[in-house]
Amino acid sequence: MIFRRPTATDGPAITGLIAACPPLDPNSAYCNLLQCTHFADFCIVAERQGDIVGWVSGYRPPSSPECFFVWQVAVSPAARGVGLAGRMIETLLDRPEAGGVTHLITTVTDDNKPSWALFEGLAARWNASLSRRALFERDAHFAGAHATEWEACIGPLRR
């Protein structure tokens, strides 16, 4: 397994991977291309035998540079069950661009059990607390068209 920064030519494969991983929101191909270029330092692909089997996108919010926001995690069904998502996130946090990060944040819907298991597992492995609060609510922010997104916050990180 090779972990690396994405490039623009990875865009179609990443879009396809995300489509194969419901219930992930299918960002536009253009959004994925921006992540592969403008945000490449905060994104990672896992490649096995020339195929992209894992993707994590993220960034450091300008208003909270001590945080690392995990935007999306996708792992091919053929690569699940070996801790790939957690290894990709830890690799991102080990990059120089993540210097000074004290908290990992993300948003997850209540029904996304695999994502909750991932972030609860990371918090336990890092011996850090995990808190959650409603960030974008179904009715107030999505006009009833999307489930509430809960912000999960892990930290402080003592890695």
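Before you start selecting, note that the model is predicted, with local features needing pLDDT of at least 70, side-chain atom pairs counting only at pLDDT 80 or more, and totals for chains, interfaces and linings using all residues. Numbering runs from 1 along each chain as its sequence is written, and side-chain values use heavy atoms, without hydrogens or water.

**Stop 1: Asp 110.** Select Asp 110 in the loop between strand 5 (103–109) and helix 4 (113–125); helices (H or I, at least four residues) and strands (E, at least two) are DSSP runs numbered from the N terminus. Asp 110 counts as partly exposed because its relative accessibility is 38%, where buried is under 20%, exposed over 50% and partly exposed in between (1.4 Å probe, protein chains only).

**Stop 2: its partners.** Trp 150 is 40 residues away along the chain, yet the two C-alpha atoms are 7.3 Å apart.

**Stop 3: the largest nonpolar core.** Such a core is a set of buried Ala, Val, Leu, Ile, Met, Phe, Trp, Tyr and Cys residues joined through side-chain atoms within 4.5 Å. Of its 30 residues, Ile 89, Phe 119, Trp 126 and Ile 154 touch the most other members. Colour helix 3 (84–94) too: its six residues are the largest share of this core.

**Stop 4: Phe 119.** Beyond four places in sequence, Phe 119 touches residues including Val 70, Leu 104 and Leu 130.

**Stop 5: a second core.** Finally, pick Leu 17, Ile 18, Cys 36 and Trp 55, among the eleven residues of a separate core.

Key. Contact = heavy atoms within 4.5 Å.
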